[in-house]
Each structure stands twice: as C-alpha cells, then as structure tokens.
Amino acid sequence: MSEAPLRYSREELAEFEQIIQEKLVAARKEVTFIKETLSRRNDSGTDNTASSSKVLEDGADTAEKESLNQLASRQMKFIQQLENAYTRIKNGTYGVCIGTGKLIPKERLRAVPHTQHSIEAKMARRD
C-alpha cells in the first residue's frame with residue numbers, strides 16, 4: 001500500500017504557479033483601474049455647476065468612493081494572499097493543509113489557489 005504524497009511535484013507546482021501569476025496580473029490590473037477611477041472622481045473637472053441636486057450627488061459620490069476603496073482593499077488583500085501562496089511554492093510548502101498536514105486536493109487549489117486549508121479543515125474550523 002503506497003502512502004499519499006506529502007508534497008506536489010515540480011510539474012504540479014508549475015501549474016499552480018501559472019494560475020497564481022495569471023490571477024496576480026488580473027488583480028493588479030483591477031487595483032490600478034480602481035485607483036484611476038478614484039483619482040478621476042477626486043478631479044471635479046469642469047462640472048462645477050452649483051445646483052440643489054449637487055448635495056445628493058455628493059452623497060452618492062461619497063458612497064461610491066467608499067465602495068471603491070473597500071473593493072481596492074479587498075483586492076490588495078487578495079494580492080497579498082496570492083503573493084504568499086507564490087512564496088509557499090518557492091519554499092516547498094504549497095498545497096499542504098495547515099490544519100490536517102495533508103495535501104489539499106488539486107481541484108480546490110485550482111479554484112482557490114491561495115488557500116491553506118482543505119475543505120475538511122475549513123469545515124472543522126466552523127464547528
């Protein structure tokens with residue numbers, strides 16, 4: 001009877017590295033877009049007409065800026081998690097569940113490449 005492997009092979013890690021790199025590129029582009037959107041929102045441009053609806057627009061603008069800031073913050077956290085996963089690939093600990101010590105299934109890593117928990121460990125944490 002063969003034991004389950006304790007680590008993924010270099011070839012398997014290369015696949016996950018590719019997935020992580022693609023997600024990093026996309027997430028960084030999104031953060032750049034959000035920051036550009038926020039900086040354009042801060043520039044009132046030539047639309048400085050004083051009207052009674054301006055107060056309502058200011059409230060909507062503030063809410064939208066807050067929403068964009070939260071989105072940017074979540075994306076930055078996601079980028080950090082992906083960078084940490086990339087580091088785990090490089091140091092050979094990627095794909096090992098920190099709760100069970102077993103390999104996280106490939107399907108889960110493909111869906112959530114930055115995870116450090118198997119479904120089994122994630123469910124146990126909820127209890």
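1. Along the sequence, the chain follows the pattern α-α-α-α, with four helices and zero strands. Helices (H or I, at least four residues) and strands (E, at least two) are DSSP runs, numbered from the N terminus. The model is predicted: local features need pLDDT of at least 70, side-chain atom pairs count only at pLDDT 80 or more, and totals for chains, interfaces and linings use all residues. Residues are numbered from 1 along each chain as its sequence is written, and side-chain values use heavy atoms, with hydrogens and water left out.

2. Of the 127 residues in the chain, 25% are buried. Buried means under 20% relative accessible area, exposed over 50%, and partly exposed in between (1.4 Å probe, protein chains only). The chain exposes about 9000 Å², of which carbon and sulfur atoms supply 52%; these areas come from the Shrake-Rupley method with a 1.4 Å probe. Among contacts (heavy atoms within 4.5 Å) between residues at least 6 apart in sequence, 63% join residues at least 24 apart.

3. The largest nonpolar core has 17 residues, and those with the most contacts inside it are Phe16, Ile20, Ile89, Tyr94 and Leu109. Helix H1 (10-42) and helix H2 (53-91) each supply at least two residues of this core, and H1 gives the most, with seven residues. Such a core is a set of buried Ala, Val, Leu, Ile, Met, Phe, Trp, Tyr and Cys residues joined through side-chain atoms within 4.5 Å.

4. Leu109 is found in helix H3 (residues 106-111) and counts as buried because its relative accessibility is 0%. Leaving aside neighbours within four places in sequence, Leu109 is in contact with Tyr8, Phe16, Tyr94, Gly95, Ile104 and Thr115. The C-alpha atoms of Leu109 and Ile20, 89 residues apart along the chain, are separated by 9.9 Å.

5. The structure holds five salt bridges, a salt bridge being a side-chain nitrogen of Lys or Arg within 4 Å of a carboxyl oxygen of Asp or Glu. One of them joins Lys106 and Glu12, with the closest N and O atoms 2.6 Å apart. Lys106 lies in helix H3 and Glu12 in helix H1, so the pair ties together parts that are 94 residues apart in sequence. Lys106 is partly exposed at 25% relative accessibility, as is Glu12 at 22%.

6. Helices H1 and H2 are also linked by charged pairs. Lys90 forms a salt bridge with Glu17, the closest N and O atoms being 3.4 Å apart. Lys90 lies in helix H2 and Glu17 in helix H1, so this pair ties together parts 73 residues apart in sequence. Lys90 counts as exposed, at 53% relative accessibility. A further salt bridge joins Glu83 and Arg28 (2.5 Å, N to O).

7. Arg88 is buried yet has no salt bridge, and the nearest side chain of opposite charge, Glu83, is 11 Å away. Lys and Arg count here as positive and Asp and Glu as negative; His and the chain ends are not counted. Beyond neighbours within four places in sequence, Arg88 is in contact with Thr93, Tyr94, His114, Thr115 and Gln116.

8. An unreviewed UniProt entry annotates residues 97-121 as "zinc finger region: dksA C4-type". The end C-alpha atoms of residues 97-121 lie 8 Å apart, and the span is 36% helix and 0% strand. UniProt positions are given in the numbering used here, feature names are shortened, and annotations may be inferred rather than shown by experiment.
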